[in-house]
Amino acid sequence: YDKIRKELFESSDFPKRPVSKRDIERYRLWQEFEGVSPYEPNKVISLAELFSGLYDIEHIIPKSRLFDDSFANKTICPRKFNSGEGAKNQQTGFDYMKGRPDDFAQYLELIERAYKSKKISKTKRDRLLTAAEDIPKDFIDRQLRQTQYITKTAAQHLRKICRNVYLTSGGVTDYLREKWGWNEILENLQLPRYREAGQTEMKTIYHADGRQEQKEIIKDWSKRDDHRHHAIDALTIACTNQSIIKRLNNLNQLVSNSLDKNSNAALKEHDDADMKTVIEKARKFSTKEINEQAQRIFISYKQGKKLANRAKRFIAKNGKRKAIQKDLLVPRGPLHEESVYGCITIPSRYKLNKKFELAHLINDQKHKKLVQDRLKKYNNDPAKAFLEPIWLDEKKKTKQLTHVEVNPKQYVLSYELSGNFKLEDVKWIVDKGVRDAVKAHLEKNGNDPKKAFGDKVNNPVWLNKEKHVTIKRVRLFTGLEAVEPVWYNEKQQSIGFVKPGSNHHIALYRDKENNLHEHVVTYWHAVQRKMYGLPAIIKNTNELWERIGQSNAFEDKEKFLEKLPAANLILETSMQANDMFVFGMDKKELIDSISRYDYSSIAPYLFRLRKLTAGNYWFNQQYETEPKESLFDKKVMRCVQASKSSMTGVKVNIDRLGRISLVNE
């Protein structure tokens, strides 16, 4: 996808705008038949024509006949064949082309050629060769059976406590939402922010009466980009009555059973007769009312899982279940990543000479950058890079960097040489002899890992060919520092290490001088705190250390104690994934708005904490269903990136009823 996106963006035949997923799909469909539409097998479509509006993405088998919106049921179709006189309408691609005998033979030939050359899948070939009579009448029913079962089961349970329960469908909801004018509410609310971020464009709207209208839209917008679409869908369903459902179902059957050109006329005639009156009567709220209420909505996000549970361990004894351990602490998530790392000791001080190859392990970040920049200048050849001095003071040139320090303890990972091995990982191989052998073998095979390591029997990696010593696995430096021991040898020395899982929370504390301190707590350490009877989020550090000093449970627990916050610190705030913060609004103004229930003035400034790492926290505007880094802009107030020094948000709580309150840590 990235390759296609780059190719389109750089092409002079593509419109000067960002490349969308829809553009990529259109391009892939165009490539399948080498720039030809199956419905126009004699004409090659240029790239400029493809994006000119003359061609549509079309369903090979109409969705009314086959509930399939996948790539396998789509192809490129000239717009003139998709509407108007002689259009494909509700026909399958096969039936439509069969009605054009002059092109039908070439249609079949084009499909077989594309299939044999593996340009299209078997599923797509079958779709292109399917006649309407070959589609089972209950095909859609069978595809939707699981969803229908869930719906019917839910209705059965609801009927036990509700007098009247009716079922509707997504198609009916979508139709009514459009007719009532509720489809564009969310896009219009989001438009100003996207406009400021440069994410809008002008689009020509074609009306049924022949009018054309220029309208500003959000690029690649979908109602599913905004969580509030669930509320609007729910309201639409609440306003849907059985009369409308019955009329629309009858109309749908009328259109689905008709393949002639009069089907659209039948739809229009039925729609104009009395549907408008019925639909408008069922509409209980105006677009303006919904617009106002949508601006007041707060999204309540579910917090992370409970840290751990207390449980018992049972065994079967004499046919009975017996508890042999009680009050066990069972974590509710992974404590660490799966890989187990080893640890080796290497020299800590190295001279910068032609043999130096550990630039990526240098401790001092300034020294590391100087060395890496020099190596990059000489194509990573240390023999040339260090012939001239590296100056720590570039202007005066009195202090030269000749030696660098690395961490003597390095955590390594054993890795199998396979086709998945990455070229950039060669420099991380621990043993120089092995590294040189792997590098030479890759060069011999055109630097293609799949070719080099795919066949170990016929193409082995030799360490010593005379002694028949091959290389099957290598040890790699990982650059890890924060690890936890899990395996020990007979002398109780740690020999196996793991990388702790994700961060449980980050706490910000203030000291007596009002300085801010960041304290990162992994899920691993949070569970350890619970295990020792301490709170996962520590609010009173003085009380904590007083409690530790009075207990014997923490003897010989130096590593655990090192990870606790120091004494004399006051908790400013804590942050966990899905916590809610208000940015860009004064605290007094926020409190005043809450007291007046003025939720619409707060909503645009409400953000969800999406991700947090040491030094950086990422927030997304509450309505966003997925992160959009292209809108990472504090001015636009779509996404916010903060650190401990720029953390100006006010932490709030949104309950399940959508009510807001300040969090008092």
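Here is a short exchange about a few labels used for this predicted model.

Tutor: Residues are numbered from 1 along each chain as its sequence is written. The model is predicted, local features need pLDDT of at least 70, side-chain atom pairs count only at pLDDT 80 or more, totals for chains, interfaces and linings use all residues, and side-chain values use heavy atoms, with hydrogens and water left out.

Student: Why is K302 called exposed?

Tutor: Exposed means over 50% relative accessible area, buried under 20%, and partly exposed in between (1.4 Å probe, protein chains only). K302 has 70% relative accessibility, so K302 counts as exposed. K302 sits in the loop between α15 (287-294) and β7 (308-317).

Student: And why is I495 called partly exposed?

Tutor: The relative accessible area of I495 is 44%, so the label is partly exposed. I495 belongs to strand β19 (residues 494-498); strands are DSSP runs of E with at least two residues, and helices are runs of H or I with at least four, numbered from the N terminus.

Student: What makes P460 buried?

Tutor: Its relative accessible area is 16%, so P460 is buried. P460 lies in the loop between α19 (449-453) and β15 (462-464).

Student: Which residues does P460 touch, not counting residues up to four places away in sequence?

Tutor: H441, D455 and T470, where contact means heavy atoms within 4.5 Å.

Student: How far is P460 from R296 in sequence and in space?

Tutor: P460 and R296 are 164 residues apart in sequence, and 66 Å apart in space, C-alpha to C-alpha.
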